[in-house]
Amino acid sequence: MRPPASTTRTGASAPPAGGSPGPAAEVRWDELDARLLELLSADGRMSLRDLSDRTDTSLTTVRRRTQSLLAHRLSLRCDLARPLSGWPLSAVYFASVPGRFVAETSRALAGVREVRSCAITAGPHNLVIDVWLRHLHDVHAFEAHLSRKLPRLTVADRSVVLRTVKHMGRLLDHDGRCVSVVPLRLPRDGLERRTATPACITGP
């Protein structure tokens, strides 16, 4: 059994072929978009009929708008309580790789079954790798595995996550189960026009 894969977040626009990424596309976020985002972040399985009732909007409009959001700005995911997964230990590695190999390395990490997410950052370490493991002694064994698989990668530090209190807007109990939700809300003063940023919503 392997950990469930993370859902890839979709961006507002793809980089031009053969060139560097362009500026993020500007799209409209209106009150309906914001309300749909809030409702779906609380329950990603909410039906179109319920979304229509909760937003006081026609079913046709809600269907069209939801399809647009899911196609370009939102990504739904379903997660599970880590202690029930068979991979009860979470660890984070702070690593670096020469800049010209960042994209190549992140793609390679995406194929490693223990890796839940890999973030490219602008801090002292340009890769932050979140993994699920079976046992505490796997923390160093996995690091050794990464060193063999990716010799350009240097791990500068690592941390064992003792407890996750909040994950993807879900407040968790000691067993990793969702006990309440913190809905995702957009600032109301930025709804007229704002730079598109992807959102990722997880189910309970």
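Analyst: Asp 157 counts as partly exposed, at 38% relative accessibility (buried is under 20% relative accessible area, exposed is over 50%, partly exposed is in between; 1.4 Å probe, protein chains only). This is a predicted model, so local features need pLDDT of at least 70 and side-chain atom pairs 80 or more, while totals for chains, interfaces and linings use all residues. Numbering runs from 1 along each chain as its sequence is written, and side-chain values use heavy atoms, with hydrogens and water left out.

Asp 157 forms a salt bridge with Arg 158, with 4.0 Å between the closest N and O atoms (the rule: a side-chain nitrogen of Lys or Arg within 4 Å of a carboxyl oxygen of Asp or Glu). Arg 158 is partly exposed too, at 27%.

The count by this rule is 12 salt bridges. One of them joins Arg 35 to Glu 38 at 3.3 Å, N to O. Both sit in helix 1 (residues 31-42), 3 residues apart, or about one turn (helices are DSSP runs of H or I, at least four residues; strands are E, at least two; both are numbered from the N terminus). Arg 35 is partly exposed at 25%, but Glu 38 is buried at 11%.

Another salt bridge pairs Arg 152 with Glu 104, at 3.5 Å. It links distant parts of the chain, 48 residues apart: Arg 152 is in the loop between helix 5 and strand 6, Glu 104 in helix 4 (residues 102-110).

Finally, there's a network of salt bridges linking Asp 30, Asp 33, Arg 65 and Arg 73.
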